[in-house]
Amino acid sequence: MKISNVMVSVDLGAAAADRVQLAAGLAERFEARLIGVAARPVLAPMPVGDMLEVERVWAIEERLAAEQLAEAKALFEREAGAAEGTAWRSAPAQPLAYLVGQARAADVVVVGRQGPADGDPGPMGVAAGALLMEVGRPVLVAPPGIERLAAKRVVVAWKDTREARRAVHDALPFLTRADEVLVAVVGPDADREGAEDVAAYLSDHSVAVTTHLLRSPEVSAADEILRFAGREEADLVVMGAYGHSRLREWIFGGATRDVLQTTPVCCLMSH
């Protein structure tokens, strides 16, 4: 698998500039095209009362949407720097639906983390969880403040599910370039999840890989993986997303939800 197109979600939140820089660095590393994408819905007034007033408010909203999309484009062009082969796509539309549609041209989509303390990205922001469920592409979730991803030490959070298998395959362009990949399995049944097969598969792709069975976690699976990544000084975690239904995870909790909200490192996820 070769990464030829890196797509990045652009909004006007505080973390957007760092996210574009990170995506530009990936595009340079993979000799790929960098595609910036932004959408801003036109907030339509209720069609009641004075129709002239409704039309006036609609015109104001249209103008505001156009201005903010122009700001997003300027931010993208500025932060992409000297990246070769850039492209820009934008529309007055719902951001999630628009990004999902544009992702047909992407090999990987970069989006921002949206935790409780991360600030509001505004009406152009795209939630990573919703994107993962619909996009059909690997999603790189970037926490605020990270403008470069070395991916020299990578943790694969392994659980023998369809989603995790998909994530490992999608991550091969990163894994084959890493200095070390650590396959980590959490839980009392860690030795039954097939980690050795995963390591052998990666080794066949010339990946330097080791396995780590974390049988007795003192915290949740998500926290254990993130702690392990911290101890190993990894800056990328690869994992499957939403092995349970997304609704179940948001109601009862789950590894995907926890990682999306709290990860201090970049996470490459597939569903």
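View 1. By class, 5 nonpolar, 2 polar and 3 charged residues make up the lining of the largest cavity, in a model that is predicted. The residues that line the largest cavity are A15, D18, R19, G112, R113, A142, P143, P144, G145 and I146, and the space inside amounts to about 40 Å³. When the whole structure is searched for cavities of 30 Å³ or more, 2 are found.

**View 2. The second largest cavity has a lining without charged residues.** About 30 Å³ of space lies in this second largest cavity, and its lining is formed by S9, V10, V37, A38, A39, P95, L99, M124 and V126. Sorted by class, these residues are 8 nonpolar and 1 polar, with no charged residues. At least two lining residues come from each of the elements β2 (33-39) and α3 (95-102), and β2 gives the most, with 3 residues.

**View 3. The second largest pocket is lined in part by two helices, α1 and α2.** The second largest pocket holds about 200 Å³ of space, and the residues lining it are A24, G25, A27, E28, E31, A32, E79, A80, G81, A82, A83 and E84. Helices α1 (16-30) and α2 (51-80) each supply at least two residues of this lining, with the largest share, 4 residues, coming from α1. Divided by class, the lining of the second largest pocket has 6 nonpolar, 2 polar and 4 charged residues.

**View 4. The largest nonpolar core includes L236 among the residues with the most contacts inside it.** This core has 51 residues, and V6, L140 and L236 are those with the most contacts inside it. Helix α1 gives the most to this core, with 8 residues. For a closer look at L236, its neighbours within four places in sequence are left aside, and the residues in contact with L236 are then L140, L149, A151, R153, V154, V155, F174, C266, C267 and L268.

**View 5. Helix α8 has buried residues that pack against several strands and a helix.** Within α8, which spans residues 221-231, the buried residues are A222, E224, I225, L226, F228 and A229. What do the buried residues of α8 pack against? They pack against the strands β6, β7 (180-186), β8 (209-214) and β9 (236-240), and also against helix α10 (255-262). In an α-helix there are 3.6 residues a turn, so residues three or four places apart point the same way. After α8 comes E233, whose phi is positive, near 55 degrees.

View 6. A separation of 34 Å lies between the C-alpha atoms of D160 and Q21, which are 139 residues apart along the chain.

Conventions. Residues are numbered from 1 along each chain as its sequence is written. This is a predicted model: local features need pLDDT of at least 70, side-chain atom pairs count only at pLDDT 80 or more; totals for chains, interfaces and linings use all residues. Side-chain values use heavy atoms; hydrogens and water are left out. On a 1 Å grid over the protein atoms alone, a cavity is a set of points where a 1.4 Å probe fits but cannot get out, and a pocket is an open set with protein on both sides within 12 Å along at least five of seven lines; lining residues have an atom within 4 Å of a point. Grid points are joined across faces, edges and corners, and a volume is the space filled by probe spheres set on the points. Ala, Val, Leu, Ile, Met, Phe, Trp, Tyr, Cys and Pro count as nonpolar, Asp, Glu, Lys and Arg as charged, and the others, Gly among them, as polar. A nonpolar core is a set of buried Ala, Val, Leu, Ile, Met, Phe, Trp, Tyr and Cys residues joined through side-chain atoms within 4.5 Å. Buried means under 20% relative accessible area, exposed over 50%, partly exposed in between (1.4 Å probe, protein chains only). Contact means heavy atoms within 4.5 Å.
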